[in-house]
Each structure stands twice: as structure tokens, then as C-alpha cells.
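Hello,

Here is the structure we spoke about. Please look through it first, then read the notes below.

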2 protein chains.
Amino acid sequence: MAAFHPLAASRVRISPLIPAAAMAGTAGAAAASYAQHRRRFCAIVATAAASPVPAAAAAAATGFDFNAYMGEKAAAVNRALDASIPADEPPAALHEAMRYALLAGGKRVRPALCLAACAVVGGREAWAMPAAAAVEMVHTMSLVHDDLPCMDDDDLRRGKPTCHVVYGEPIAVLTGDALLSLSFHHMARFDSYPPDIDADKHPARVVRAIGELARCIGSEGLVAGQVVDLEMTGSTETVPLERLEYIHLHKTAALLEASVVIGAILGGGSDEQIESLRMYARSIGLLFQVVDDILDVTKSSEELGKTAGKDLASDKTTYPKLLGLEKSREFAEKLLSDAREQLSGFDQETAAPLLHLANYIAYRQN
Amino acid sequence: MAAFHPLAASRVRISPLIPAAAMAGTAGAAAASYAQHRRRFCAIVATAAASPVPAAAAAAATGFDFNAYMGEKAAAVNRALDASIPADEPPAALHEAMRYALLAGGKRVRPALCLAACAVVGGREAWAMPAAAAVEMVHTMSLVHDDLPCMDDDDLRRGKPTCHVVYGEPIAVLTGDALLSLSFHHMARFDSYPPDIDADKHPARVVRAIGELARCIGSEGLVAGQVVDLEMTGSTETVPLERLEYIHLHKTAALLEASVVIGAILGGGSDEQIESLRMYARSIGLLFQVVDDILDVTKSSEELGKTAGKDLASDKTTYPKLLGLEKSREFAEKLLSDAREQLSGFDQETAAPLLHLANYIAYRQN
């Protein structure tokens with residue numbers, strides 16, 4: 001398993017996010033570095049589990065209305081997505097299935113990250129809107145294919161029957177393919193962008209952004225994560241921590257990272273800014289998954305009368321299972337702290353959306 | 001069915017390739033325009049069916065060695081494809097399946113078209129090599145997904161077990177996704193190109209080329225063709241001619257068109273050159289399918305002792321079934337003639353590969 005450490009295994013050069021002490025499961029000296037973050041994050045997670053801090057409360061402290069921000073961005077992205085697929089042109093079955101999968105709701109976290117990253121480096125939101133739509137297309141493609149009978153075999157998604165249940169398996173496979181190619185078409189089309197873009201700089205940025213998007217999908221991203229996740233499914237072995245991190249860095253964090261980085265590239269960010277935002281995104285990507293795992297455990301133990309946590313029931317390997325709840329909270333706290341730190345070099349007012357998105361991922365209930 | 005004419009149905013603005021007279025199945029006055037081409041093409045197809053003119057014979061007449069050209073291009077493209085996917089890096093199962101599907105042989109017609117189109121507009125071959133590899137990745141993706149049990153359910157491809165037979169269905173779906181994203185990654189990566197590319201012009205060409213590639217895959221290309229083809233499968237109805245043309249223009253011609261157009265874009269072709277080559281490609285794309293259909297019929301009727309044509313056996317709608325053999329030959333002849341005509345404005349020596357590729361598609365036996 002040593003050969004499967006994400007640093008060795010992945011072609012993406014990702015710095016280790018889990019400190020050595022946590023990986024060894026010891027409470028050694030290195031673990032002391034967590035202590036400074038422990039108080040804050042334990043409070044966050046404990047409160048989230050028992051009675052979540054509503055986003056509005058966090059907003060009150062900074063004057064930034066996170067809910068309004070997310071609502072406004074989701075509406076704009078939904079308009080772009082709606083316009084990207086004709087409702088009444090043939091092949092009707094395909095377009096209908098693409099629209100069904102893509103316009104099924106969702107919080108549009110990835111597009112919001114993309115738009116916020118464009119803004120934080122001083123770019124206009126319209127420059128990143130095609131990319132914001134594109135990352136949601138890629139996310140939807142991965143959901144449609146992961147839900148297939150031969151994969152995770154899920155019948156429900158966001159409370160609605162999944163694409164293959166409604167349209168059949170062949171159309172679901174093809175819907176994913178079409179959404180994936182549409183994401184690149186949408187980003188490459190000149191008419192996706194406002195007419196006053198800088199014609200000298202724009203194409204180079206688009207090429208770089210498309211490279212980032214493409215890289216996060218295949219054998220260095222989403223697909224790699226799904227392949228390793230499938231390999232673990234049904235195994236009675238406990239997944240080693242480094243493999244768990246590999247799965248999450250690829251299956252969850254890679255597209256969050258691409259969303260942020262692409263926004264920053266299209267916004268005209270410097271290489272230094274782009275790399276800070278990449279580290280921010282990588283931290284919140286893994287935070288997303290750690291909090292997921294923590295919520296599953298804390299809910300099952302604290303909310304009596306409800307079904308025990310899905311992960312526990314399916315004996316799935318989670319951070320709390322491998323590290324214990326306390327160390328998982330410390331790790332999550334460290335990730336949130338790291339993400340915030342990466343934003344410290346930006347103007348705090350324009351960085352507010354990214355800061356609140358990190359908080360949202362830490363505070364969220366589902 | 002009238003609403004399904006490709007001109008009305010497709011978002012791609014494609015000029016009609018089948019003249020009205022042929023579509024009506026009449027031998028009216030308009031059909032007279034075929035007559036001038038009939039003699040040459042009937043001879044070609046009849047000869048091809050009975051005893052094909054070897055490519056070497058055609059080569060002798062022009063001094064161009066088509067077989068040597070194709071062998072050299074295929075070898076170069078295979079090297080690029082081989083280098084694009086690491087053999088020994090995780091996730092091993094995915095990389096192995098991607099290499100299995102991609103390096104299974106094949107004539108590499110699409111990459112050859114891409115490289116030849118780059119050269120005919122005066123571009124260096126190295127500028128189009130990443131795109132030549134990319135179009136083969138897209139072609140392979142479409143084969144892997146089309147072969148899936150829920151689609152055409154094919155167990156053999158080029159004489160070898162198909163991807164899902166060897167690696168299982170989940171890996172086959174993911175292999176297609178990874179190849180599709182790799183194609184865009186490969187085209188977008190700066191290090192795919194020679195170091196002396198023109199940094200001022202290159203990104204704009206790459207963005208335009210990526211847009212062409214992406215467009216030919218989804219609901220305006222390959223996927224659209226497969227969806228409509230699946231809708232026809234198992235139906236006892238005869239497919240109307242316009243729908244047959246829609247399927248072939250999308251399922252076969254779209255990627256051939258993109259291969260040629262992308263090569264011309266990356267080679268720095270003018271808009272006028274690119275559009276001539278687009279029309280050339282569209283003609284040979286449909287020619288490819290018409291000749292396929294003709295060979296299926298002529299083989300079954302002329303080669304006694306062999307299984308009757310697959311298309312006849314499966315009652316599949318073909319051009320000979322709809323138009324009759326004679327009119328199908330006329331149509332094929334017209335398509336070859338149209339393709340040649342589009343090359344007339346180019347230097348005939350540099351256009352030789354494209355000319356011979358058109359001949360190859362008309363003359364080929366499988």
C-alpha cells in the first residue's frame with residue numbers, strides 16, 4: 001500500500017494534506033501543531049452537528065450576505081445552463097435528458113467558486129461565466145455516469161429518479177458524453193464570452209483553463225477517484241488512509257480545484273495568485289469530504305430515532321473510522337485554517353465569497 | 001418525418017449532400033447531373049467489389065506512395081498515443097484499459113486526414129500532431145461506449161475482445177470518459193506542441209480547434225448520430241433517406257470533418273481554405289458510409305459461398321436498400337467527385353495525400 005500514497009501514485013503533484021502524525025494515528029509531538037486549531041474547529045463541528053450555525057449568522061459578522069450571494073450566482077449560472085441546451089431541437093431525447101440532468105437543481109457550489117475566484121483576482125464575472133457553466137456540466141456528467149447500474153447503481157439523485165431510470169441506460173451514457181463535450185464546446189466558443197474581451201490575452205487564458213478542466217476529469221482526476229473507489233467497494237479490508245485521501249483528492253477535490261483555478265486564470269490572475277487559490281481549493285476539497293464523514297457519525301450518534309449513519313451501516317471507510325472523531329475534527333479544522341490562510345494575501349472584501357464558501361463547506365449539514 | 005431532414009433537424013448547418021432527385025427516388029431531369037460522373041465511379045465500385053484496385057496502382061499514376069504515407073503517419077501517431085498514457089502509473093486498471101482500447105491498431109484514417117489538412121494549407125505537421133492524436137482518442141471513446149452491453153453490445157472489435165469484455169463495464173464507461181477528457185487535455189497542453197510555435201497565433205488556433213472537436217462529439221455530432229441510430233434499431237419501419245443521412249452525417253462524417261478542419265486551423269489555413277476542406281471532409285464522410293453499404297450488398301451477391309451481407313441479414317436500412325444499387329453508386333460517385341473538386345484550389349502535390357485518402361475511402365474493401 002505504500003506505493004499508493006497519493007504523492008507517489010498520482011501524476012498530479014499534490015502536497016500531503018494529512019500531517020504525518022495523523023496518518024500514523026499517534027498523539028505524538030507533531031500532533032501538537034493541531035492543538036492551536038482544535039478549539040475553534042471542534043466548536044464549529046460540534047455546533048454544526050447539534051444545531052448548525054446558519055450562514056446568516058456568519059454573514060452578520062462581516063456584512064456579507066452569503067445566502068443572497070449564492071442565490072444570485074446560482075440563478076445566473078442556471079440561466080447560462082438553460083441557454084446552452086436547446087429544449088425543442090432534435091435529437092429531442094438527448095436534449096431532454098441533458099436538460100433533466102443539468103437543470104435538476106443543486107447549490108451550484110462549483111460555479112460559485114469559479115466566479116468568486118475570477119472576481120478575487122480582479123476579473124469580470126462575465127469572463128468566467130462560460131467556465132462556471134462548464135464545471136457544472138462536468139460535475140453533472142460525473143453524477144450521471146456514477147449513478148449507472150454498472151457503477152454505483154443509484155436510482156435517486158436530489159430526490160428525483162436518476163437519468164438512466166427516466167431515459168434508459170444507453171441515453172444516460174450518451175448524456176454524460178454529450179455534457180462532457182458540451183463543457184469544452186461552451187468554453188471554447190467565442191460567443192460564450194462578452195464582446196469586449198481582450199482578444200490578445202483571452203485565447204491563451206482559455207487554452208490554459210481548458211487544460212485545467214480536462215486534467216481534473218480523467219486519469220488524474222474524477223475518473224481516477226471513481227476507479228479506485230470502485231476497487232474498494234465490497235472489499236472487507238479497511239481502506240488505508242493514504243488511499244482514502246487519494247480517492248477524495250481525485251473524486252471530490254480535483255473538480256473543486258479546477259473550478260477555482262479556472263476562474264482565476266480567466267480573471268487574469270498572476271501565477272502566484274493562481275497557486276494560492278489552488279491550495280485554498282485543495283484544502284476545501286478535502287474539507288468537504290472530512291466534514292461529510294464527521295456529520296455522518298455525529299448525526300447517527302446524536303440524533304436518536306433516526307437511521308444510523310449510512311457510512312457506518314455500509315461499513316464504508318471514513319476519516320472518523322480511521323483517525324477517530326477527535327482527530328478528524330482536528331484535521332478538518334486544520335484544512336479550514338489552511339484555506340483561510342491562502343486568502344490572506346487578497347483584498348478581504350473581494351475575498352469574502354471564497355472565505356464564506358470555505359465556512360459553508362465546514363458548517364454545512366448535508 | 002419531414003421535420004427530421006438534416007437541414008431542419010441539425011443545429012449544424014449542413015448543405016444537402018443528396019440531390020433532390022435521388023431523394024425522391026426518381027430518374028428525373030435533375031438526375032442527369034449524375035450521369036457525367038457515373039461511368040468513372042461505377043467502374044471504381046464494380047472493380048472494388050470484384051477485385052479492388054490496389055492503392056499501389058493508383059500511386060503509380062501520380063508518384064505518390066499512399067501505403068508508405070499511411071504507414072509513416074500511423075507510426076508517428078501511434079508513438080504520440082503511446083506516450084500520452086503512462087503504462088506503469090496508477091490507477092493501473094484505468095491506464096491499462098485506455099491503452100488497450102487506444103493502441104489496438106486501426107488504420108488511423110482520422111489522424112492522417114488531420115495531418116494532411118495541416119500540410120495542405122502550408123502548416124508544419126508537428127503543429128497538428130496533438131490534434132491527430134486527439135481525434136483518434138475521440139474515435140476510440142465512441143467505439144468503447146458504442147460497444148457497451150447497453151448499446152450495440154459488441155464483444156469483438158478489430159478481432160479482439162472489446163474493452164468491457166476484458167475490463168468490465170464500469171471500467172469501460174470510465175475509459176471512454178478518460179479518453180474523451182484526455183483528448184482535450186492533450187490539445188490544450190502547451191508541451192504537446194513544438195517549442196517554436198508562434199505564441200501570438202497559436203492559442204487562438206487551439207481554442208478554435210478545440211471548439212470544432214467538442215462540437216463534433218455531442219448533440220451536434222457523434223452522440224446525436226448514435227441516439228438516432230439507437231432509436232431506429234429494432235424498428236420494423238424503413239428509415240427514411242433523410243434520417244439515414246442524418247445518422248451518417250453525425251455518426252461518421254462529423255468526426256472526419258472535425259479531423260480535417262482542425263488540421264487546417266492549426267496549420268494556419270485561411271477561412272476560405274478551411275471551408276473548402278470542410279466540404280471535402282463532409283463529402284468523404286458520407287462517401288465512407290455509402291461505400292460501406294454498397295460493398296455489403298455487392299459482396300453478398302457476388303461472393304457466393306459466403307454469409308450474406310450483414311446489413312441485409314439484419315434488415316438494416318442502407319443506401320442500396322433505399323436508392324437501389326445503381327443510384328447509390330451514382331451518389332457515391334458524385335461525393336467522390338465533389339471531394340476532389342474541393343481540392344482543386346490547392347497545390348496538387350501537397351494535396352496528394354487528401355486526394356488519395358478520398359480515393360482510398362472509395363476503393364476500400366472494408
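Where in chain A is A:Asp147 found? A:Asp147 lies in the loop between helix 8 (125-146) and strand 1 (156-157) of chain A; helices (H or I, at least four residues) and strands (E, at least two) are DSSP runs, numbered from the N terminus.

This is a predicted model, in which local features need pLDDT of at least 70 and side-chain atom pairs count only at pLDDT 80 or more, while totals for chains, interfaces and linings use all residues. Residues are numbered from 1 along each chain as its sequence is written, chains are lettered from A and ligands numbered from 1 in the order in which they are written, and side-chain values use heavy atoms, with hydrogens and water left out.

A:Asp147 has a relative accessible area of 4%, so it counts as buried (under 20%, with exposed over 50% and partly exposed in between; 1.4 Å probe, protein chains only). Beyond its neighbours within four places in sequence, A:Asp147 is in contact (heavy atoms within 4.5 Å) with residues including A:Asp153, A:Thr162 and A:His164.

Next, the interface. 48 residues of chain A are in contact with 48 residues of chain B. The two chains bury about 3900 Å² between them, 76% of it on carbon and sulfur atoms; buried area is the accessible area (1.4 Å probe) that two parts lose on being put together, summed over both. Across the interface of chain A and chain B there are zero salt bridges (a side-chain nitrogen of Lys or Arg within 4 Å of a carboxyl oxygen of Asp or Glu). Among the elements of chain A that touch chain B are helix 6 (92-102) and helix 12 (222-232). Helix 10 of chain A gives the most to that side, with 12 residues.

Regards
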